[in-house]
Structure formats: C-alpha cells, structure tokens
Amino acid sequence: MQLIHLFRLALLSLAILSVTPAFAADAESTPPPYYKWKIENYAINSPLNNLIGDAKRGQEIAGNQSRGNCLACHLLPIPEEQFFGNLGPPLTGIGSRQSVGMIRLHVVDQSRFNPETVMPGYYRPPSQLNRVAKELEGRTWLNAQEIEDVVAYLASLK
Ligand code: HEC
C-alpha cells in the first residue's frame, strides 16, 4: 500500500518537473536579429536599424527592474519612483548636455567610455559576451527597439 503511494508521488513529481516554465519556452525562441553599430567621435549617430524611439516606452523600460533598471544606479525624473541608486551620475537634463549619438553609445556600450565601468553594456555584440547562460546566447540585454526607446527618453530630458 505504502509502496503504491510512493510510486504515485514519484509520478506526480515527474509530471511537475516536465512542465516547461514560460520563460524557458521564450528563451528557446530565436534571438532577435542583431544590428551592427559604428562609433564616430564617441557617438553612434545612426539609430540602430534606423528604428524610431518612443520616449514614453523608454521611460517604462528605464524604470522597469527586469528591463533597463537604470534607476538602480541613476537618478531619473520619474515622480512615481521613490528609490534611486547613486552609483552613476543623475540623468536629469542629460538631453541638454549630450548629443543623441553620445547618449546612444552610453546606453549601447558604456565600456567604450570607461573600460572598468559597472554599467551593463545594453547592446554589446552578443559574440563578445563570454560565459552566458544557454538561454541568453545570441541576445543583447535590451533589443534594438528598446535601446532606441531609452535613447529617445534620455534625449527628451532637457
Ligand atoms: C550598475 C549600475 C548602472 C546601471 C544599472 C546603469 N548605469 Fe549608467 N552609468 C553607471 C555609472 C557608474 C556611470 C558613470 C560612468 C562610468 O563609471 O562608467 C554611468 C553613466 C551613464 C551615462 C553617461 C552619463 C554622463 O553624464 O556622462 C548614461 C547616459 C547612462 N549611464 C545611462 C544609463 C541608462 C539609460 C541605464 C539603463 C538602461 C543605465 N545607465 C544603467 C552605472 C549604471
């Protein structure tokens, strides 16, 4: 009797384990295409894949902990957010201090300004990343559209 019970339990746990979590299914999908960029005078002047950024979406991505999470390190003028990190400089008014192209390079690959930076490179070539988890292979931190949205948002901070 007890053996049967154990056997049932084992079957049940097998059934639970074989359920693929949603994120794993997502990770198995093909990574989005990667668009190359070019640096001129500490700036990436052309938008990635000529995409047009949306500042409102950019603010959401910058504030979202599982996307850009910029506010873990930067002060941003988002009234609904209470907590900001200060590892990085405040980004308030960045749009009047820097060109759009320079802002884009900061977001794409801050290590081009400071090789020792703690800031993640949000659109570094996936081929340059080492030791990435299998499900992250071929992927960038943010996709090209998300980069352009964040850049449009920062450029709007005058
Ligand atoms: C882990 C901390 C961290 C995170 C997360 C982070 N940054 Fe940074 N960022 C920094 C630091 C530190 C610097 C200052 C320069 C340096 O040390 O590399 C910086 C510099 C910058 C600069 C240049 C500012 C200037 O005045 O020159 C921009 C623009 C910027 N970050 C944007 C962003 C955006 C947008 C995000 C989110 C998508 C982000 N950062 C996420 C740490 C971070």
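The site of the iron atom of the ligand is octahedral, with angles of 87 to 178 degrees among its 6 donor atoms. Six donors count as octahedral if opposite donors are over 155 degrees apart and all others between 65 and 115. Ideal angles for six octahedral donors are 90 or 180 degrees. This is a predicted model, in which local features need pLDDT of at least 70 and side-chain atom pairs count only at pLDDT 80 or more, while totals for chains, interfaces and linings use all residues. Residues are numbered from 1 along each chain as its sequence is written, and side-chain values use heavy atoms, with hydrogens and water left out.

His-74 (NE2) and Met-119 (SD) coordinate the iron atom at 2.0 to 2.2 Å; donors are N, O and S atoms within 2.8 Å of the metal (3.2 Å for Na, K and Ca). These two residues link distant parts of the chain, 45 residues apart: His-74 belongs to the loop between helix H3 (55-63) and helix H4 (94-97), and Met-119 to the loop between helix H5 (100-109) and helix H6 (144-155). Helices are DSSP runs (H or I) of at least four residues, numbered from the N terminus.

Buried means under 20%, exposed over 50%, and partly exposed in between (1.4 Å probe, protein chains only).

| Residue | Relative accessible area | Class |
|---|---|---|
| His-74 | 11% | buried |
| Met-119 | 23% | partly exposed |
| Tyr-34 | 27% | partly exposed |
| Tyr-123 | 1% | buried |
| Tyr-122 | 7% | buried |

The count comes to 3 aromatic pairs. Rings of Phe, Tyr and Trp (its six-membered ring) pair if their centres lie within 6.5 Å; planes under 30 degrees apart count as stacked, over 60 as edge-to-face and the rest as tilted. One of the pairs, Tyr-34 with Tyr-123, is stacked, at 4.7 Å centre to centre and 15 degrees between the planes. Tyr-34 lies in the loop between helix H2 (22-28) and H3, and Tyr-123 in the loop between H5 and H6, so the pair ties together parts that are 89 residues apart in sequence. Tyr-122 and Trp-141 have ring centres 5.4 Å apart and planes at 65 degrees, so this pair is edge-to-face.

Tyr-123 is also among the residues that touch the most other members of the largest nonpolar core, which has 25 residues. Such a core is a set of buried Ala, Val, Leu, Ile, Met, Phe, Trp, Tyr and Cys residues joined through side-chain atoms within 4.5 Å. H6 gives the most to this core, with 6 residues.

How values were computed. Four donors count as tetrahedral if all angles lie between 85 and 135 degrees; four count as square planar and six as octahedral if opposite donors are over 155 degrees apart and all others between 65 and 115; anything else is irregular.
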